[in-house]
Amino acid sequence: MTMDVATTLDPQIAAALEATVFGTLDFGTWTLESIPTMRAAMADMPAVELPPTTTESREVVVPGATGHDPAVRVYSPPGKGAGRPCVYWIHGGGYLFGSGLTVDARLNRWVEEFDCVAVSVEYRLAPEHPYPAPLDDCYAGLLWTAQHADELGIDPARIAVAGASAGGGLAAGLALLARDRGEVHLAFQLLIYPMIDDRNTSASSQIQGAPVWSREANHLGWRAYLGDLVDKDYIPGYAVPARVDSVVGLPPAWIGVGALDVFRDEDIEYASRMLAAGIPVELHVYPGAPHGFEMIVPHSAIAQACQRDITEALRRALRPESVFASTS
């Protein structure tokens, strides 16, 4: 049975999408060769006006292990502190777009609300830099963050990894990598509609006319990110978290996804696997919501509900006596 997106889409979101570029995107025209042109067009879009903030931020170039030294942006409360929690943020963009160095109002708000430090990583983008380059950059930034905990004023036992879309996929892959290398202990993973399965075999991956990020766009994003791994018999779980053999030992998680998102079923399945492994997981499926809804239409009722859920999940996860505290 084919889902009727037009009648299922949240009315507030539907009206807002018509007035944005996301309502007119033609994913069928996207190619790997056109990505640089599309990035340039996005760079010309007017900057979002940020609300006043007390948060201080700075850029730091950190040592990489594979011949590339990525940059991070560090967000801190004013004044020195010690033992603060940390949110390590990975931006979205289908593995193709975006920057971790653009000042982010969401991270400013988290720093102010939770008295935490946030670190946002500038990972290399596909297709010019396919897996494992983006994940290597994310790991280098995470390792630097943990190793400089005293300088940053953070508690290395209270680092949460967070990301949206492709950033959520990288966050999930990073949690797997951190688990297996044993150099950094992650306390929590916040996965906002994570992009974690390249196979496109679920019911939700077949949604025709999915707004914002379609099945066609998803194919392109995975082709770019996986590079020579596309269509191989074996693809590592670090690259595609849904393919990992075991989720045992991962940190507690929050996962949120829209009911009209092509990622819906893969995200539900990943949450179910963690729950079956005894890992505390909070899962939200937001009715009538497409991909990216809480970012694109932030003033809609469903987006505000999602933002409240994220805020409360982080509040619980970052406090010292966290109910999500990992037992691993």
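Predicted model: local features only at pLDDT ≥ 70, side-chain atom pairs only at ≥ 80, totals over all residues.
A residue counts as buried when its relative accessible area is under 20%. With a relative accessibility of 10%, T311 falls under the 20% limit and so counts as buried. Setting aside neighbours within four places in sequence, T311 is in contact with E113 and F114. The C-alpha atom of T311 also lies 9.9 Å from that of R109, although 202 residues separate the two along the chain.

What does the sheet look like? Eight strands make up an open sheet, in the order β1-β2-β4-β3-β5-β6-β7-β8, and the pairing is mixed. The edges are taken by β1 and β8 (281-286); each has a single partner strand, so one side of each is left with no neighbour in the sheet. From one strand to the next, the twist averages 15°. As a general point, strands of a sheet pair through backbone hydrogen bonds, and they do this in either a parallel or an antiparallel way.

At the β1 end, the pairing is antiparallel. Strands β1 and β2 run antiparallel and are joined by six bridges, with S57 standing opposite Y75 of β2. On to the next pair: β2 and β4 are again antiparallel, this time over five bridges, and V74 has V119 in β4 as its bridge partner. Is β2 enclosed or open? Six of its six residues are buried, so β2 is largely enclosed by the rest of the structure. Both of its faces are covered, with A71, R73 and Y75 buried on one side and V72, V74 and S76 buried on the other.

Over at the β8 end, the pairing is parallel. Strands β6 and β7 pair in the parallel sense over four bridges, and I192 stands opposite G256 in β7. Strand β7 (residues 253-258) then pairs with β8, also in the parallel sense, over six bridges.

Another helix, α4 (residues 105-114), lies across β2, β3 (84-90), β4 (117-122) and β6 (188-192), and runs at about 165° to β3. Despite being an arginine, R106 counts as buried, because its relative accessibility is 13% and the limit is 20%. Which residues does R106 touch? Not counting residues up to four places away in sequence, R106 touches W89, I192 and E294.

Elsewhere, Y95 has a positive phi of about 70° although it is not a glycine. Y95 belongs to the loop between β3 and α4 and is buried, with a relative accessible area of 1%. D231 is another non-glycine residue with a positive phi, near 70°. This aspartate is in the loop between α8 (215-226) and β7 and, at 72% relative accessibility, counts as exposed.

Finally, there is the second largest pocket, with a volume of about 230 Å³. Its lining is made up of 14 residues, and R58, S76, G79, E151 and L152 lie nearest its centre. Which elements supply the lining? At least two residues each come from β1 (56-61), β2 (71-76) and α6 (149-152). By type, the lining residues divide into three nonpolar, five polar and six charged. S76, one of the residues nearest the centre of this pocket, is also among the buried residues of β2.

Notes
Residues numbered from 1 in each chain as written. Heavy atoms only, no water. 1 Å grid on protein atoms, 1.4 Å probe; cavity = no way out; pocket = protein on both sides within 12 Å on 5 of 7 lines; lining within 4 Å. Points joined across faces, edges and corners; volume = space filled by probe spheres on them. Nonpolar A, V, L, I, M, F, W, Y, C, P; charged D, E, K, R; others polar. Pairing = 2+ DSSP bridges. Axes fitted to C-alpha atoms, helices over the stretch in contact; angles between N-to-C directions. Contact = heavy atoms within 4.5 Å. Buried < 20%, exposed > 50% of the residue type's maximum accessible area, 1.4 Å probe, protein only.
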